Amino acid sequence: MEQEQTLARRARRRRTLLTALLVLLVMPGTILFGVYCLDDRKYYFISLLLILYTMVPFLLVFERRRPQARELMILAVMSALAVASRVAFFMLPQFKPITAIVILTGIALGPQAGFLTGAVSGFLSNFFFGQGPWTPWQMFSFGILGFLFGLLFYGRRRPTTARGQRLWLVLVSLLGFVGVMVVYGPLMNLSAVMMMTPQVTWSMFWASVVVAIPMDLVHAGSTALFLLLLTRPILEKLERVQIKYGLLETPPTSR
């Protein structure tokens with residue numbers, strides 16, 4: 001039993017390293033290839049490449065067995081929920097639950113599932129909001145938040161006391177706020193500048209950051225709010241389904 005857990009931890013570590021390599025090197029390189037070599041015209045092609053990249057580490061979860069339909073269904077449900085949540089709040093710019101749902105997927109199901117849900121949700125929801133050169137950037141930005149929160153929280157014990165749970169919930173919400181302001185916002189601001197000119201300077205980038213602060217604050221604030229409201233019910237449902245049906249991987253520390 002101990003040997004099996006050791007092998008599982010090693011396999012999980014290899015998948016995390018592979019995902020980090022794809023997220024930090026291969027995917028940004030692919031997006032920049034689309035900008036500089038394809039003149040931002042082949043964004044469908046780049047978007048599909050990003051989805052294929054996200055599938056690699058996720059499918060390695062099943063390297064020793066075939067995936068079951070119900071295991072894939074839970075990710076399809078989370079992606080559909082993220083897309084529907086974005087569409088449902090279409091009348092409120094930047095005030096949407098999609099980022100919170102992607103973050104919670106990473107926390108509950110792991111960094112690979114978090115990135116996959118974020119990338120797929122960004123791509124599919126843009127069939128409602130409009131596809132364009134910004135689509136690969138949104139896919140990457142949503143996905144990297146799911147990946148980072150999966151790295152931070154997946155498989156780690158949560159407090160059992162009422163006070164500890166409240167503090168943990170506040171921590172997740174604050175980190176969601178910071179993640180949008182520090183990761184999602186700057187990446188999308190950079191994409192906006194690069195869509196105007198590939199010759200990006202620091203002054204142009206920081207100008208775009210300053211101009212976008214009001215919208216980024218709305219996005220970050222709504223993400224923190226939805227995390228406060230949705231974290232407990234969504235995580236309870238996902239963990240119950242994981243444990244009951246043995247879906248994906250359920251780390252021993254989370255049981």
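Thr19, Leu22, Met27, Tyr53, Thr54, Pro57, Gln112 and Phe115 line the second largest cavity. A cavity is a set of points on a 1 Å grid over the protein atoms alone where a 1.4 Å probe fits but cannot get out, and lining residues have an atom within 4 Å of a point. By class, five of the lining residues are nonpolar, three are polar and none is charged. Here Tyr and Pro count as nonpolar. The volume is about 30 Å³, taken as the space filled by probe spheres set on the points. The structure holds two cavities of 30 Å³ or more.

The model is predicted; local features need pLDDT of at least 70, side-chain atom pairs count only at pLDDT 80 or more, and totals for chains, interfaces and linings use all residues. Residues are numbered from 1 along each chain as its sequence is written, and side-chain values use heavy atoms, with hydrogens and water left out.

Now the whole chain. It has nine helices and zero strands. Helices are DSSP runs (H or I, at least four residues), and strands are E runs of at least two. Of the 255 residues, 48% are buried, meaning under 20% relative accessible area with a 1.4 Å probe, protein chains only.

Next, helix α6, residues 134-153. Its 20 residues should span 28 Å at 1.5 Å a residue, and its end C-alpha atoms are 29 Å apart, which agrees. The expected span is 1.5 Å times one less than the number of residues. α6 is mostly covered, with 16 of its 20 residues buried. Just after α6, Gly155 takes a positive phi of about 80°.

How values were computed
On a 1 Å grid over the protein atoms alone, a cavity is a set of points where a 1.4 Å probe fits but cannot get out, and a pocket is an open set with protein on both sides within 12 Å along at least five of seven lines; lining residues have an atom within 4 Å of a point. Buried means under 20% relative accessible area, exposed over 50%, partly exposed in between (1.4 Å probe, protein chains only).
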